[in-house]
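Here are my notes on the structure you sent. Keep the sequence and the model side by side as you read.

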Amino acid sequence: MSVSSPAARLQLLFEGRRLTPTQRRIAHSMVRRAGDAPFLSSVELAELAGVSQPSVTRFAVALGFDGYPALRRHLREVAPAGAVEGGGEDTYNEYQQAVLGEIENLRHLAELLADPGPVERAGKLLAASRPLLVLGLRAASSQARGFGYFAAKVHPDVRVLDEGGSMLHDRIDTARRAGASALICFALPRHPREAVDALAYAREQGLAVVSVADSAFAPVAAHSDLLIPAAVGTGLAFDTACAPMLLGRVLLEAMCDDLPDAQARLEEFDARAAARGLFVE
């Protein structure tokens, strides 16, 4: 995607911003009408997005501008020479742009993994913990369950914590008494307070905390012994988490490297699955 295209410039403006669902709707409307965006009034943009005019003002402030007029001036200043109202069409639609944004997140993750040290340290911590706790609440619950599903095939005792509530600390206590030494946390926006509190409690109980988060500055950072960032995509109404999911699989691989019987456990599972006819070939 050319960085000189109107939609690409807007995507860069919105990238990494924590916007509310209403603000994302405004952002998507601007991307769809990227060529017109610098010339739309706040009322016109509100009608286009199906929101109130004050929502457009709050959206501009969320992007760091004094108000919508300042945002519109900025868009006009960065528009290429010769741009005219209604004049530009981007090569990619918003869905393609979301995919391209995720590809960029994966590129950043690949660059980060050029130094395998943090992943290898995390793998050792996770492999040594009996049981192993896997925490992920709300948006991150699917990441935790996915990691837990595969980890249980090679690790003797995996316990997934994907629901908050008053029992969360109790389950951490139970695992600690059983010998747990580490917890892996998947932390994605918006960050639940319960997850942050759970990590703080886990460390108080002597657990080492490995976190996969959307940013090195995520709220869980203060309660993590080792945090490895993997950005989420923000190009759609709801975040996409391809990079955190892949990083979870990388950590599984590192954990397997420190579990001497991992391959034997996998082969045993495959044999049992075949005997039971679990899967259709």
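1. **Terms and model.** Buried here means under 20% relative accessible area, exposed means over 50%, and partly exposed covers what lies in between. The model is predicted.

2. **Helix α4.** Start with α4, residues 53-62. Which residues of this helix are buried? They are Ser 55, Val 56, Phe 59 and Ala 60. Seen down the axis of α4, these buried residues fall within an arc of 140 degrees, so they line one face of the helix. Their cover includes α1 (6-14), α2 (21-32), α3 (42-49) and α5 (68-78). After α4 comes Gly 64, with a positive phi near 100 degrees.

3. **Helix α5.** The buried residues of α5 include Tyr 68, Ala 70, Leu 71 and Leu 75. Looking down the axis of α5, its buried residues keep within an arc of 160 degrees, so they too line one face. They pack against α1, α2, α3 and α4. What lies on the other side of α5? Arg 73 and Glu 77 are there, and both are exposed.

4. **The largest core.** The largest nonpolar core holds 30 residues. Those with the most contacts inside this core are Val 134, Phe 147, Ile 184, Phe 186, Leu 247, Leu 251 and Met 255. Helices and strands both contribute: α7, β1 (132-135), α8 (141-151), β3 (182-187), β4, β5 and α11 each supply at least two residues. Which element gives the most to this core? That is α11, with six residues.

5. **Ile 184 up close.** Take Ile 184 as a place to look inside that core; it is among the residues with the most contacts there. Leaving out residues up to four places away in sequence, Ile 184 touches Leu 126, Leu 133, Val 134, Leu 135, Phe 147, Val 210 and Leu 251. Of these partners, Val 134, Phe 147 and Leu 251 are also named among the core residues with the most contacts.

6. **A second core.** There is a second, separate core of 25 residues. Its members include Ala 27, Leu 45, Ala 46 and Val 51.

7. **Salt bridges: Lys 124 and Asp 258.** The structure holds nine salt bridges. Side chains of opposite charge can pair when their charged atoms come close. In one of the bridges, Lys 124 pairs with Asp 258, and the closest N and O atoms are 3.2 Å apart. Lys 124 sits in helix α7 (residues 117-128), while Asp 258 is in the loop between α11 (242-257) and α12, so the pair ties together parts 134 residues apart in sequence. Asp 258 is partly exposed, at 30% relative accessible area.

8. **Salt bridges: Arg 203 and Asp 225.** Here the closest N and O atoms are 3.1 Å apart. Arg 203 lies in helix α10 (residues 193-204), and Asp 225 lies in the loop between β4 (208-213) and β5 (226-229), so this bridge ties together parts 22 residues apart in sequence. Arg 203 is partly exposed at 33% relative accessibility. Asp 225 is partly exposed as well, with a relative accessible area of 43%.

9. **Salt bridges: Glu 268 and Arg 272.** In this pair the closest N and O atoms are 2.7 Å apart. How are the two residues placed in helix α12? They are four residues apart, which means a separation of about one helical turn. Glu 268 is partly exposed, with 39% relative accessible area. Arg 272 counts as exposed, at 53%.

10. **Surface patch.** Tyr 149, Phe 150, Leu 278 and Phe 279 make a nonpolar surface patch of about 410 Å². Phe 279 belongs to the segment after α12 (262-276).

11. **The chain as a whole.** The chain has twelve helices and five strands. Its C-alpha trace spans about 65 × 45 × 35 Å along the principal axes. Of the 281 residues, 43% are buried. The accessible surface comes to about 14600 Å², and carbon and sulfur atoms account for 53% of that surface. Among contacts between residues at least 6 apart in sequence, 70% join residues at least 24 apart.

Technical notes: Residues are numbered from 1 along each chain as its sequence is written. This is a predicted model: local features need pLDDT of at least 70, side-chain atom pairs count only at pLDDT 80 or more; totals for chains, interfaces and linings use all residues. Side-chain values use heavy atoms; hydrogens and water are left out. Patches are made of residues with over 30% relative accessible area and no salt bridge: like charges are joined within 9 Å, nonpolar side chains (Val, Leu, Ile, Met, Phe, Trp, Tyr) within 5 Å. Accessible areas come from the Shrake-Rupley method with a 1.4 Å probe; for residues, only the protein chains shown count as cover. A salt bridge is a side-chain nitrogen of Lys or Arg within 4 Å of a carboxyl oxygen of Asp or Glu. Buried means under 20% relative accessible area, exposed over 50%, partly exposed in between (1.4 Å probe, protein chains only). The arc is that of the directions from the helix axis to the C-beta atoms. Contact means heavy atoms within 4.5 Å. A nonpolar core is a set of buried Ala, Val, Leu, Ile, Met, Phe, Trp, Tyr and Cys residues joined through side-chain atoms within 4.5 Å.
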